[in-house]
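Visitor: I have a structure to look at. Please take me through a few of its side chains.

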Amino acid sequence: ERMARTDGQARSRAFTALMLLLGGAATIVIIVGLAVALIEEGEVKTSQLDRSVKIRLNGSLESVRNFAREKSLRLKANATQRLEANATQRRLSRDECLELRERYDVRPGRSWGRLSKDGQQRWLDLACDQYLCEPHRQR
């Protein structure tokens with residue numbers, strides 16, 4: 001029993017330190033998670049929790065679930081926007097590479113044609129070889 005009390009005190013101190021470090025929403029997530037874990041492990045019997053605590057716990061758990069759902073939706077929307085932006089940027093880069101090749105007679109993988117040093121650097125920055133050089137396109 002004394003050992004259990006010491007373990008509980010150590011957990012309580014660690015939990016308090018973690019709450020101070022994280023604050024805000026993370027604290028709510030941790031509190032609810034620990035409460036659920038303690039109940040599931042049988043350390044706290046649900047019959048020991050009074051009705052108001054159960055109601056608050058359920059409300060907090062629902063708030064955390066809603067927060068997680070909203071965060072997940074925002075992350076998915078941001079990822080979709082980034083993918084669309086990347087696809088647009090790749091199309092623009094490929095178009096610019098095609099223009100450089102045609103305007104300056106660049107032969108990808110063989111000759112820079114009439115492309116200036118700055119133009120060559122731009123070609124490298126755009127990674128034009130991946131769009132226009134035969135060995136790269138076949139990969």
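Visitor: Is W112 buried, exposed or partly exposed?
Guide: This is a predicted model, where local features need pLDDT of at least 70, side-chain atom pairs count only at pLDDT 80 or more, and totals for chains, interfaces and linings use all residues. Residues are numbered from 1 along each chain as its sequence is written, and side-chain values use heavy atoms, leaving out hydrogens and water. Buried means under 20% relative accessible area, exposed over 50%, partly exposed in between (1.4 Å probe, protein chains only). W112 has 32%, so this residue is partly exposed.

Visitor: Which kind of pair do the rings of W112 and W123 form?
Guide: Rings of Phe, Tyr and Trp (its six-membered ring) pair if their centres lie within 6.5 Å; planes under 30 degrees apart count as stacked, over 60 as edge-to-face and the rest as tilted. Here the centres are 6.2 Å apart and the planes stand at 85°. Therefore the pair is edge-to-face.

Visitor: Is W123 buried or exposed?
Guide: Its relative accessible area is 2%. So W123 is buried.

Visitor: Which residue forms a salt bridge with R122?
Guide: A salt bridge is a side-chain nitrogen of Lys or Arg within 4 Å of a carboxyl oxygen of Asp or Glu. For R122, the closest N and O atoms are 2.8 Å apart. The partner is E96.

Visitor: How many residues apart in sequence are the parts that R122 and E96 tie together?
Guide: R122 lies in helix α4, and E96 in helix α3. Helices (H or I, at least four residues) are DSSP runs, numbered from the N terminus. The parts tied together are apart in sequence by 26 residues.

Technical notes:
Helices (H or I, at least four residues) and strands (E, at least two) are DSSP runs, numbered from the N terminus.
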